[in-house]
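Subject: Model for your review, with notes

Dear colleague,

I am handing over the structure that we discussed, and I would be grateful if you could look through it alongside the notes below.

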Amino acid sequence: MNLQPTTFTLSPQLKVCGLTKPDQIQELIAMSVDFLGFIFYEKSPRYVLNHLSLEEISAIEHRGKVGVFVNEETDVILKIVQQAGLHFVQLHGDESNDYIIELKQKLNPEVGIIKVIRVGNDASENKNKITQAFTSNLQPVTYYLFDTDSKAFGGTGEQFDWNILNEFEIPLPYFLSGGISEDNIRNIETLQQQPLALDINSKFETEPGSKNIERIKKFKNLFQ
């Protein structure tokens, strides 16, 4: 595994998603990870409420707590955001423009929305999907997140073709996800618009929901 230092014009922030263990969460906070991702999708093997209560998540002192939701009812999201003290809602499903507008109107104005664009293997479909997202006037969206498409809605450990992002002028800061690791990280240099943050998950686990903290630490040090 190549852990040689690399150089970037911008130093991306780091989001670690799929968290379930309090001790690991505290270690990530200690190393100044920027975003902590909690999955509120019951079909996910990293479904956080199988491990932590909303009150326990609320007690975590961090300014970048992200709740990941998939085609969830807005009222359910609002309840979880409030009780868990979340700072961002990540929409990982097929949420429509009207849905996002309605959700934003109901949310506390300080809570941001991260809209995921799932990129698959069909180049034409990907271009249409991205074009539609960028032209649908999603004013309430704070950030985009590009991830590899899958029936499981993420956590595949597979990388999509990042080159497609160079075909667009991305109108918002974005997170890059999908199989990011030490082995492909230098490919970020080929992106014309650098990501605001890298989103890592399954590549840095010993099992679903259990993170390899030492590996994450070494990965984060690549950008120091």
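What follows is an account of the overall build, then of the paired strands, and finally of a few individual residues.

This is a predicted model, in which local features need pLDDT of at least 70 and side-chain atom pairs count only at pLDDT 80 or more, while totals for chains, interfaces and linings use all residues. Residues are numbered from 1 along each chain as its sequence is written, and side-chain values use heavy atoms, with hydrogens and water left out.

The protein contains six helices and ten strands, these being DSSP runs numbered from the N terminus (H or I of at least four residues for helices, E of at least two for strands). Its radius of gyration is 17 Å, close to the 17 Å that the globule rule gives for 224 residues, so the protein is as compact as a globular protein of that length; the radius is taken over C-alpha atoms, and the rule is 2.2 Å times the number of residues to the power 0.38. The C-alpha trace spans about 45 × 40 × 30 Å along its principal axes.

Of the 224 residues, 54% are buried, where buried means under 20% relative accessible area, exposed means over 50%, and partly exposed lies in between (1.4 Å probe, protein chains only). The accessible surface comes to about 10,900 Å², and 44% of it belongs to carbon and sulfur atoms, with areas from the Shrake-Rupley method and a 1.4 Å probe, and with only the protein chains shown counting as cover for residues.

Turning to the strands, strand 1 (residues 13–16) runs parallel to strand 2 and is joined to it by two bridges, the criterion for pairing being that DSSP finds at least two bridges between two strands. Here F35 of strand 2 is the bridge partner of K15. Strand 2 also pairs with strand 3 in the parallel sense, over four bridges, and in this case G37 has V66 of strand 3 as its bridge partner. Strand 3 in turn pairs with strand 4 (residues 88–91), again in the parallel sense and over four bridges, with F88 of strand 4 as the bridge partner of V66.

Five of the five residues of strand 2 (residues 35–39) are buried, so this strand is largely enclosed by the rest of the structure. In a regular strand the side chains alternate between the two faces of the sheet. In strand 2, F35, G37 and I39 point one way and L36 and F38 the other, and all are buried. Strand 3 likewise has five of its five residues buried, so it too is largely enclosed; there K65, G67 and F69 point one way, V66 and V68 point the other way, and all are buried.

Two loop residues other than glycine have positive phi values. S32, in the loop between helix 1 (22–30) and strand 2, has phi near 65° and counts as partly exposed at 48% relative accessibility. N71, in the loop between strand 3 (65–69) and helix 3 (74–84), has phi near 50° and counts as partly exposed at 43%.

Lastly, I101 is placed in helix 4 (residues 97–106) and is partly exposed at 30% relative accessibility. Its C-alpha atom is separated by 8.8 Å from that of V141, which is 40 residues apart from I101 along the chain.

With kind regards
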